[in-house]
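Please consult the sequence and the model shown here.

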Amino acid sequence: MIKPLSSSEEPRMAPARTRPRLLYVTDLAYPARGRRYGDEDVHLTSRLRADFDLALCHPRDAAALLDGFDAVVVRNSGPVLTYPEAYEAFRRRATETGKPVYNPLTGRGDMAGKQYLLELSAAGRPVIPTVDRAEDLRLLPAADRYVVKPRLGADSMGLRVVAGDTVREFIDGSVLVQPHIDFAYEVSFYFVDHDLQYALYAPDPGRRWQLEPYEVTPRDLEFARSFVDWNTLDHGIQRVDACRAPDGELLLVELEDLNPYLSLDALGTESRESFVSAMTASLHRFLRAAG
């Protein structure tokens with residue numbers, strides 16, 4: 001006859017391992033020109049699930065859902081101009097509750113609008129020269145055409161190219177003005193935290209999202225990293241977009257620090273896996289720092 005175990009002798013189950021819970025914010029159906037938001041985030045989340053418990057949600061639902069998670073990851077959520085009230089509600093709720101958000105909501109780049117282009121230009125940094133007042137047009141290089149972009153623009157929304165003799169008509173305090181530059185190509189540098197992961201460029205200026213791997217020179221890296229350092233984000237993903245000006249120098253086009261598309265489909269398998277590993281490690285560091 002088998003003797004039953006006493007309560008003190010009963011085998012105990014090992015406690016279940018607690019994994020971080022992440023609310024992953026994405027708009028899988030956003031119709032981005034030349035990009036497939038949904039494919040990229042499906043791939044990323046399929047890999048991140050090895051380390052985290054994940055739930056995907058639309059940006060309009062993030063404020064209502066964030067309480068049940070350890071942190072929020074904002075990825076391909078689309079231009080916040082299409083849902084400004086929901087975005088402000090999310091920021092407010094995350095700030096009130098102290099919920100960690102990746103990228104942190106303290107970014108100084110596109111996350112805060114395009115005012116930084118004006119500030120960096122005035123400081124003499126290597127950016128496309130930028131002004132916001134008609135009386136300051138004289139500070140720009142002479143040009144036959146100008147680019148007029150909203151301070152709060154995103155994804156080329158509201159961007160216009162106008163003739164030099166009409167540009168003053170468009171300056172109303174809500175836009176920035178830059179000379180139209182016939183650049184050789186655009187190039188993007190992709191960082192996780194402060195480490196460059198890869199770079200891609202568009203050899204044809206007319207096909208912005210037809211990207212190919214780009215070999216980064218030490219001078220290129222110094223250029224790109226200077227803006228990542230300026231942004232002072234300890235954690236997160238940033239994309240530094242630049243153009244190769246006619247004189248051969250790089251000029252900043254945009255510092256995307258909210259939800260930069262990563263163009264992972266333009267990478268080989270090894271580079272994609274390396275990026276996922278870097279993002280996973282960054283998220284673990286971020287959660288430890290926030291905890």
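How many bridges join strand S5 to S6?

## Basis of the report

The model is predicted, so local features need pLDDT of at least 70 and side-chain atom pairs count only at pLDDT 80 or more, whereas totals for chains, interfaces and linings use all residues. Residues are numbered from 1 along each chain as its sequence is written, and side-chain values use heavy atoms, without hydrogens and water.

Strand S5 (residues 145-150) is joined to S6 by four bridges, and the two run antiparallel. Strands are DSSP runs (E, at least two residues), numbered from the N terminus; two of them pair if DSSP finds at least two bridges between them. Val148 stands opposite Arg160 in S6.

An open sheet of three strands has the order S6-S5-S7, with antiparallel pairing. Strands S6 (160-163) and S7 (175-179) are at its edges with a single partner strand each, so one side of each lacks a neighbour in the sheet. From one strand to the next, the twist averages 30 degrees, with axes fitted to C-alpha atoms and angles taken from 0 to 180 degrees between N-to-C directions.

## The hairpin S11-S12

Strand S11 (residues 237-244) runs antiparallel to S12, and six bridges join them. Val240 has Leu255 in S12 as its bridge partner. Five residues lie between the two strands of this hairpin, and Gly248 in the turn has a positive phi of about 95 degrees.

Seven of the seven residues of S12 (residues 250-256) are buried, so this strand is largely enclosed by the rest of the structure. Buried means under 20% relative accessible area (1.4 Å probe, protein chains only).

How values were computed
Buried < 20%, exposed > 50% of the residue type's maximum accessible area, 1.4 Å probe, protein only.
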